[in-house]
Amino acid sequence: MAEHEETCDFGWSVGVLNKAYAEAMSPILDRIPRGIRGYQTLYAAATYDLPTQLALAEYLVIDKSVMPYVVDDLVEAGLVRREPSPTDRRARRVVPTDTGLRTLREVREAVAGAEAALLEPLSADDAAVLRRAVAIVARTSRDGCAG
């Protein structure tokens, strides 16, 4: 591969990768309401100890006015439920149901396969470095947006 093919405009690269990721995930996540956003919400609710629905929205960088609709759809599908927050009895936290956890396990296997296919041009080491680097930049960007 020519050098100019390995390095190009960062914005273009991120945009193309985002589009390819969305296209790869769409058929996998069609069983979860709201697709990628619903999957990320279910995943975060199952993985992180976020005490309120607002904390979940802030973690995912989803507008707090949109988050109730995402959660409503997941509740209607039986994937999550709202419970009183342990830190604020006026607030609710989002908790996955047993069905939600089972669905998440099944979908995560397919997501992992699609991600591996997307990263196939890279060595295993380069793929691990890319995943780590993107996670660092994403978290730093998210935390910068929250303030």
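This is a predicted model: local features need pLDDT of at least 70, side-chain atom pairs count only at pLDDT 80 or more; totals for chains, interfaces and linings use all residues.

Biologist: In what order do the elements of the protein chain run from the N terminus on?
Modeller: Elements are DSSP runs, with helices (H or I) of at least four residues and strands (E) of at least two, numbered from the N terminus. The secondary structure comes to seven helices and two strands. From the N terminus on, the order is α-α-α-α-α-β-β-α-α.

Biologist: What percentage of the residues in the protein chain is buried?
Modeller: Buried means under 20% relative accessible area, exposed over 50%, and partly exposed in between, with a 1.4 Å probe and protein chains only. The C-alpha trace spans about 60 × 35 × 25 Å along its principal axes. Of the 147 residues in the protein chain, the buried share is 29%.

Biologist: How far apart do the centres of the positive and negative side chains lie?
Modeller: Lys and Arg count as positive and Asp and Glu as negative, while His and the chain ends are not counted. Each charge is placed at NZ of Lys, CZ of Arg, CG of Asp or CD of Glu. With 18 positive and 22 negative side chains in the protein chain, the centres of the two sets lie apart by 11 Å.

Biologist: Which residues touch the most other members of the largest nonpolar core?
Modeller: A nonpolar core is a set of buried Ala, Val, Leu, Ile, Met, Phe, Trp, Tyr and Cys residues joined through side-chain atoms within 4.5 Å. The largest one has 25 residues, and the members touching the most others are Leu 29 and Ile 32. The elements that give two or more residues to this core are H3 (35–47), H4 (53–60), H5 (67–76) and H6 (98–118). Contact means heavy atoms within 4.5 Å, and beyond four places in sequence Leu 29 touches Gly 35, Ile 36, Tyr 39, Val 107 and Val 111.

Biologist: Which elements are included in what covers the buried residues of H4?
Modeller: The buried residues of H4 are Gln 53, Ala 55, Leu 56, Ala 57 and Leu 60. Their cover includes H3, H5, strand S1 (80–84) and strand S2 (92–96).

Biologist: Which tyrosines do ring pairs link into a cluster?
Modeller: Rings of Phe, Tyr and Trp (its six-membered ring) pair if their centres lie within 6.5 Å; planes under 30 degrees apart count as stacked, over 60 as edge-to-face and the rest as tilted. The structure holds three aromatic pairs; one of them is Tyr 43 with Tyr 48, edge-to-face at 6.3 Å centre to centre and 75° between the planes. Tyr 48 and Tyr 59 form a tilted pair, 4.8 Å centre to centre and 45° between the planes. The cluster linked by ring pairs consists of Tyr 39, Tyr 43, Tyr 48 and Tyr 59.

Biologist: Is Tyr 59 buried, partly exposed or exposed?
Modeller: Tyr 59 sits in helix H4, eleven residues from Tyr 48 in the loop between H3 and H4. Tyr 48 has 29% relative accessibility and is partly exposed. Tyr 59 has 23% relative accessibility, so its class is partly exposed.

Biologist: What is the phi of Val 61, which is not a glycine?
Modeller: Most residues other than glycine have a negative phi. Val 61 is found in the loop between H4 and H5 and is exposed, with a relative accessible area of 52%. Its phi is positive, at about 60°.

Conventions. Residues are numbered from 1 along each chain as its sequence is written. Side-chain values use heavy atoms; hydrogens and water are left out.
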